[in-house]
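Please look over the sequence and the structure before reading on.

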Amino acid sequence: MIWTTQPRSRVGSLAAICAGQGPSVTLLHGVGLNADAWGAQIDALSQDYGVTAFDMAGHGDSAALKIAKPTLSDYVDAVRVRLTAPTVVVGHSMGAMIALKLAHNPAVIGVVALNAIYQRTPTASAAVRARAKQLRDERSVNPELTLMRWFDDLTSPEAIACESWLRTVPMDGYRAAYSVFANENGPTASELQSLNKPALFMTGELEPNSTPEMSFQMAECCPMGQAHIVNDAAHMMPMTHAGEVNAQLWTFISQCHQGEV
């Protein structure tokens with residue numbers, strides 16, 4: 001797939017790619033990326049649904065939050081006020097953190113968490129917080145180590161697209177979001193246990209940070225939870241394994257909107 005920049009619409013304070021018509025689907029990307037990372041999902045889902053893929057605050061064409069040290073709740077609130085119709089919210093990485101917080105909103109009829117973290121180990125927590133600390137003194141994003149964690153083949157179209165997005169993301173927006181991501185530990189067990197809505201947790205077999213075990217644990221906590229592991233996939237599976245991801249999303253989203261999950 002060729003990863004292109006798609007036109008944005010203004011949705012309140014946020015920018016978003018809006019495509020298709022029909023029941024609503026909301027897409028939330030991860031730190032350092034933008035709504036164009038959902039290109040394969042937008043193309044597939046907009047055939048049957050009205051898709052809104054937001055640029056996270058401080059990313060893409062969305063302005064940064066006007067808060068010195070934003071919290072996860074601030075990113076959640078920026079999207080929450082834009083949810084005006086029944087929707088299935090799909091989040092990737094930090095977007096999954098936001099999606100799971102939004103899931104308790106009455107407008108959300110189902111939630112999908114892709115490559116979501118849950119109760120990191122002390123070693124993993126220390127590593128991601130160390131990366132966040134390093135960003136405090138950096139003037140621009142150096143994506144090399146990130147890309148090496150995400151991709152085996154740095155010459156693939158997906159890796160090249162991610163490199164471009166990471167190199168052009170506003171540093172202040174990236175730093176603020178990464179700090180939140182690093183200092184959060186995913187949903188609590190009680191939050192998941194009280195989520196009486198369909199919830200799908202999907203990650204890659206080769207994902208070292210948002211592990212398959214995490215997805216299974218979260219699904220087991222949810223009354224209506226389910227998990228799916230994508231073989232031979234890692235962190236950027238919505239791009240690298242779009243066919244399988246899209247098939248799972250289409251089935252889940254259609255069941256949510258038809259009330260069949």
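## The second largest pocket

In this predicted model, the lining of the second largest pocket consists, by class, of eleven nonpolar, seven polar and four charged residues. The lining has 22 residues, and Arg131, Trp150, Phe181, Asn209 and His235 are the ones that lie nearest the centre of the pocket. The volume of this pocket is about 330 Å³.

Three helices, α4, α5 (144-150) and α7, each contribute at least two residues to the lining of the second largest pocket. The most comes from α4, which gives four residues.

## The largest pocket

The largest pocket holds about 500 Å³ of space. Its lining is made up of 23 residues, with Lys69, Pro70, Arg175, Ala176 and Ser179 nearest the centre. Sorted by class, the lining of the largest pocket comprises eleven nonpolar, five polar and seven charged residues.

At least two lining residues of the largest pocket come from each of α2 (72-80), α4 (122-134) and α7 (171-183). Here α7 gives the most, with seven residues. Two of these helices, α4 and α7, also each supply at least two residues to the lining of the second largest pocket.

## Strand β5: buried or exposed?

Strand β5 covers residues 87-92, and six of its six residues are buried, so the strand is largely enclosed by the rest of the structure. Buried here means that under 20% of the relative accessible area remains.

In a regular strand, side chains alternate between the two faces of the sheet. In β5 both faces are covered. Thr87, Val89 and Gly91 are buried on one side, and Val88, Val90 and His92 are buried on the other.

## The neighbours of β5

Which strands pair with β5? One is β3 (residues 24-28), which runs parallel to β5 and is joined to it by five bridges. Within this pairing, valine 25 has valine 88 of β5 as its bridge partner.

The other is β6 (residues 108-114), which pairs with β5 in the parallel sense over six bridges. Valine 89 stands opposite valine 111 of β6. Between β5 and β6 the chain passes through helix α3 (residues 94-102), forming a β-α-β crossover that is right-handed.

Definitions and conventions:
Residues are numbered from 1 along each chain as its sequence is written. This is a predicted model: local features need pLDDT of at least 70, side-chain atom pairs count only at pLDDT 80 or more; totals for chains, interfaces and linings use all residues. Side-chain values use heavy atoms; hydrogens and water are left out. On a 1 Å grid over the protein atoms alone, a cavity is a set of points where a 1.4 Å probe fits but cannot get out, and a pocket is an open set with protein on both sides within 12 Å along at least five of seven lines; lining residues have an atom within 4 Å of a point. Grid points are joined across faces, edges and corners, and a volume is the space filled by probe spheres set on the points. Ala, Val, Leu, Ile, Met, Phe, Trp, Tyr, Cys and Pro count as nonpolar, Asp, Glu, Lys and Arg as charged, and the others, Gly among them, as polar. Buried means under 20% relative accessible area, exposed over 50%, partly exposed in between (1.4 Å probe, protein chains only). Two strands pair if DSSP finds at least two bridges between them. A crossover is right-handed if, with the strands pointing away from the viewer, the path from the first strand over the helix to the second runs clockwise.
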